[in-house]
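This report describes the fold of one protein chain and then turns to selected residues within it. Please consult the sequence and the coordinates alongside the text.

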Amino acid sequence: MSIIELFWPALVGGIAVALAAGPLGSLLVWRRLAYFGDSLAHAALLGVGLGLLTALPVGPLVAVVCVAVALVLSQLLARRGLASDTLLAILAYGFLSLGLIAISLNHGQRVDVMAYLFGDLLNILPADLPGLIAGAAVVLGLLAWRWRALVACAINEELAAVDGLPVARLRLLLLVLLALAIAGAMRVVGVLLITALLIIPAAAARQLARSPEQMAVFASLLGVLAVAGGLGASLVYDTPVGPAVVVSACLLFAAMGLVGKWRRLV
């Protein structure tokens with residue numbers, strides 16, 4: 001297989017995930033829900049383990065598990081006394097450990113756990129792209145449909161409730177979309193680094209954007225650049241792709257910080 005044949009499906013799949021992660025990550029940054037992203041990401045590994053144990057398709061099962069966990073987390077978020085960082089950390093590491101145990105119980109086939117933990121973007125095949133692109137399109141379409149309401153809830157949930165917005169349903173919609181995005185992004189950066197792909201480009205875009213829409217667009221573009229940069233570094237220096245994508249995103253975050261400081265000075 002030539003470099004081009006290896007590179008282009010990975011690039012297209014990574015771009016699809018990054019485009020959906022941009023606006024979704026922006027909402028997470030505004031709502032300070034990074035810990036919820038971690039919990040859902042770690043639950044994805046449980047879906048992998050259950051899929052291997054039951055011989056069911058791993059991808060759809062990961063999506064089902066993530067959505068089910070999103071429903072539980074939505075209820076925890078509604079109960080402010082329970083939705084603490086400590087509880088979410090316990091859930092995140094509990095799901096991660098259960099997933100690893102489920103994978104270890106699968107004695108019928110050899111499993112590359114590192115690929116699930118840190119991603120395996122270069123193993124994306126052209127046949128995988130329609131599903132990734134369709135999933136990204138669904139997430140982006142639903143975000144566009146309720147964008148204004150989601151932004152209002154992210155900025156001030158109490159004020160949004162006073163204005164008559166269905167806050168509980170919007171919260172659930174956000175977490176379900178997050179679950180679907182994580183199920184797709186697992187192939188790109190793995191369950192341990194998914195939240196980084198969601199949060200870092202959005203945090204970088206926040207330093208430049210002057211409106212929610214600008215931040216969402218900038219976050220998507222920076223995510224695309226991070227994916228391209230990570231793939232390029234992986235091909236040139238033979239580094240793991242998932243971590244390379246995250247390091248690329250971190251470098252972009254630092255660069256956007258410098259640009260933001262320069263803009264404020266001038």
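Is Asp238 buried or exposed? Asp238 is exposed, because its relative accessible area is 70%, and exposed residues are those over 50%. The model discussed here is predicted. Asp238 lies in the loop that joins helix H11 (212-237) to H12. The phi angle of Asp238 is near 60°, a positive value in a residue other than glycine. Most residues other than glycine have a negative phi.

**Overall architecture**

The protein chain contains 12 helices and 0 strands. Read from the N terminus, its elements accordingly follow the order α-α-α-α-α-α-α-α-α-α-α-α. The C-alpha trace spans about 55 × 45 × 30 Å along its principal axes. For 266 residues, a compact globule would have a radius of gyration near 18 Å, and the value of 18 Å for the protein chain therefore agrees with that expectation.

Of the 266 residues in the protein chain, 48% are buried. The accessible surface amounts to about 12,700 Å², and carbon and sulfur atoms account for 69% of that area. When contacts between residues at least 6 apart in sequence are considered, 77% of them join residues at least 24 apart.

Helix H2 covers residues 34-54. H2 is mostly covered, with 15 of its 21 residues buried. Just after H2, Ala55 adopts a positive phi of about 65°.

His42 is found in H2. With a relative accessible area of 6%, His42 is buried, since the limit for that class is under 20%. Leaving out residues up to four places away in sequence, His42 touches Ala92, Tyr93, Phe95, Leu96, Val191 and Leu192.

Leu178 is placed in helix H9 (residues 167-189). What is the relative accessible area of Leu178? The value is 0%, and Leu178 is therefore buried. Apart from neighbours within four places in sequence, the contacts of Leu178 are Leu24, Leu28, Phe36, Gly37, Leu40 and Leu198.

Ala255 belongs to helix H12 (residues 241-265). Its relative accessible area is 29%, so Ala255 is partly exposed.

Ala255 and Ala204 are 51 residues apart in sequence and 8.4 Å apart in space, whereas Leu178 and Ala204 are 26 residues apart along the chain and separated by 19 Å.

The accessibilities of the residues discussed individually are collected below.

| Residue | Relative accessible area | Class |
|---|---|---|
| Leu178 | 0% | buried |
| His42 | 6% | buried |
| Ala255 | 29% | partly exposed |
| Asp238 | 70% | exposed |

**Aromatic rings**

A pair of aromatic rings is described by the distance of the centres and the angle of the planes. With centres required to lie within 6.5 Å, the count comes to 1 aromatic pair. A charged residue also sits over a ring: Arg146 lies over the face of Trp145, at 5.5 Å from the ring centre.

Technical notes. Residues are numbered from 1 along each chain as its sequence is written. This is a predicted model: local features need pLDDT of at least 70, side-chain atom pairs count only at pLDDT 80 or more; totals for chains, interfaces and linings use all residues. Side-chain values use heavy atoms; hydrogens and water are left out. Helices (H or I, at least four residues) and strands (E, at least two) are DSSP runs, numbered from the N terminus. The expected span of a helix is 1.5 Å times one less than its number of residues. Buried means under 20% relative accessible area, exposed over 50%, partly exposed in between (1.4 Å probe, protein chains only). Rings of Phe, Tyr and Trp (its six-membered ring) pair if their centres lie within 6.5 Å; planes under 30 degrees apart count as stacked, over 60 as edge-to-face and the rest as tilted. A charge sits over a ring if NZ of Lys or CZ of Arg is within 6 Å of the ring centre and within 35 degrees of the ring normal. The radius of gyration is taken over C-alpha atoms; the globule rule is 2.2 Å times the number of residues to the power 0.38. Contact means heavy atoms within 4.5 Å. Accessible areas come from the Shrake-Rupley method with a 1.4 Å probe; for residues, only the protein chains shown count as cover.
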